[in-house]
Amino acid sequence: MSQFEHEFSNFPSHKITPHHFKNIDDDIAPVINQIHSLRLQGMCEQAADIAYENQEALLPYVVDAITFNTWDEEIYNTQIYARQRQQVVHFDESEDDVDCLEGDIWIGGNT
């Protein structure tokens, strides 16, 4: 049986972490445009400096590696959780890839 990962996620013992990112708005657009413009000019150090100086303001708008790792691990843990529960699956006879576990309930036939 697969083990749950818990470096970034505590699912299923705790709820999945909600994330409330904001769309870029007029408040942060000038900073983001300046960073983007500097990056396009190859001035990556200056862009990084501006991002660092504005990190608190950028936080609600930026998805970072930790967030991606959390999403990845929570999806993985959800898959493990779902596979440990009895599944009800409908399939038709033309389905080529059937992935099932012992104890699954299969409903099939001609419709």
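A residue counts as buried when its relative accessible area is under 20%, as exposed when over 50%, and as partly exposed in between, with a 1.4 Å probe and protein chains only. By that criterion, 17% of the 111 residues of the protein chain are buried. This is a predicted model, in which local features need pLDDT of at least 70, side-chain atom pairs count only at pLDDT 80 or more, and totals for chains, interfaces and linings use all residues. Residues are numbered from 1 along each chain as its sequence is written, and side-chain values use heavy atoms, leaving out hydrogens and water.

**Overall layout**
- The protein chain has four helices and two strands, where helices (H or I, at least four residues) and strands (E, at least two) are DSSP runs numbered from the N terminus.
- Along the sequence, the pattern is α-α-α-α-β-β.

**Helix H1**
- Helix H1 spans residues 29-40, twelve residues in total.
- Ala29, Val31, Ile35 and Leu38 of H1 are buried.
- The cover over these buried residues includes helix H2 (44-53) and helix H3 (55-58), with contact meaning heavy atoms within 4.5 Å.
- Just after H1, Gly42 adopts a positive phi of about 80°.

**H1 against H2**
- The axes of H1 and H2 come within 7 Å and cross at roughly 160°; axes are lines fitted to C-alpha atoms, for helices over the stretch in contact, with angles from 0 to 180 degrees between N-to-C directions.
- Val31, Gln34, Ile35, Leu38 and Arg39 in H1 meet Cys44, Gln46, Ala47, Ile50 and Ala51 in H2.

Note on methods
The expected span of a helix is 1.5 Å times one less than its number of residues.
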